[in-house]
Structures are given as C-alpha cells and as structure tokens.
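Dear colleague,

I am passing on the structure below, and I would be glad if you could look through it alongside the notes that follow.

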Amino acid sequence: MSLWLVLPSVVIFSVVAGFAASSQAELASGKFYEIVGGKVDAWTYNGFRRYHGSCNHCHGPDGMGSTFASALVDRLPGIEVFRRSVREGVRSGPSVMKGFADDPNVAPYIDDIYAYLQARADGALGRGRPERLER
C-alpha cells in the first residue's frame with residue numbers, strides 16, 4: 001500500500017479523534033458551552049439566537065425572567081429535566097408553559113439553548129449578543 005494512500009487516512013483520523021476527545025472532555029465536565037477570549041462556540045451562539053427567537057418573550061432577555069415566567073439563569077435545571085420541560089411543557093399552579101416538541105425552531109436546538117443558558121447561569125457569559133468564535 002502506498003504511503004500517499006495511508007497518510008490522508010491517518011490525518012483525517014487524527015483530526016476526528018481530536019474533536020471527539022474535546023467534546024468528551026466538555027461533556028465530562030458538565031459544560032455544554034465553550035468560551036475563549038470572551039467569544040462563544042457556534043452551538044452556544046446558536047442557543048442565544050434560538051432563545052431570543054422563542055423563549056425570551058416569557059423568560060425575559062438573557063434568561064433573567066419576567067412577570068410571565070421565572071428566570072432561567074438563577075436556577076437552571078440539569079440537562080435531562082431541561083430537555084423534558086422544553087419538549088413536554090411545564091405546569092406549576094396557574095403557570096403553564098406549552099411544550100415545544102413539535103416546534104422546528106426549538107426542538108432540534110434544545111441543547112444549544114441549554115449551552116447558552118448554562119454559560120449565563122455560570123457567570124461565564126454576560127448579557128447581550130455574544131461574539132462568535134471563528135473556527
């Protein structure tokens with residue numbers, strides 16, 4: 001087998017393995033976001049966009065809460081509770097949040113929204129539109 005055929009495969013495998021290790025390390029630490037030099041990764045940036053397109057009407061700008069719904073940055077639930085709440089909705093006394101399982105602008109992006117809110121809740125990301133990391 002020629003070195004010219006093997007070398008590209010080794011390079012591709014090394015790059016993919018590096019991405020997988022990075023993702024596993026982030027998940028192991030429980031962080032869904034990455035912030036470098038004040039700039040956020042693409043998923044967290046998308047979470048900001050999706051949150052402000054669908055969630056801020058009730059939960060307030062930047063997850064700070066409103067008279068309609070609670071702040072999300074004060075007590076962000078774990079990812080599984082968050083996913084279930086967003087998909088199925090929440091009923092708490094007279095307060096009701098509809099489920100978004102069928103909303104194509106929310107359902108596929110729940111983890112991105114969580115990444116944004118987690119960064120806000122951790123104090124790693126301030127209010128307003130974040131700058132996006134370019135990769």
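Helices (H or I, at least four residues) and strands (E, at least two) are DSSP runs, numbered from the N terminus. This is a predicted model, in which local features need pLDDT of at least 70 and side-chain atom pairs count only at pLDDT 80 or more, while totals for chains, interfaces and linings use all residues. Residues are numbered from 1 along each chain as its sequence is written, and side-chain values use heavy atoms, with hydrogens and water left out.

Although valine 36 and leucine 133 are 97 residues apart in sequence, their C-alpha atoms are 7.4 Å apart in space.

Strand β1 pairs with strand β2 (residues 39-40) in the antiparallel sense over 2 bridges, where pairing requires that DSSP find at least two bridges between the strands. Isoleucine 35 stands opposite valine 40 in β2. The open sheet has 3 strands in the order β1-β2-β5, with mixed pairing, and its edge strands, β1 and β5 (131-132), each pair on one side only.

Helix α2 (residues 42-54) packs against helix α5 (residues 110-121) at an angle of about 95 degrees, with the axes 7 Å apart; these axes are lines fitted to C-alpha atoms over the stretch in contact, and angles run from 0 to 180 degrees between N-to-C directions.

Best regards
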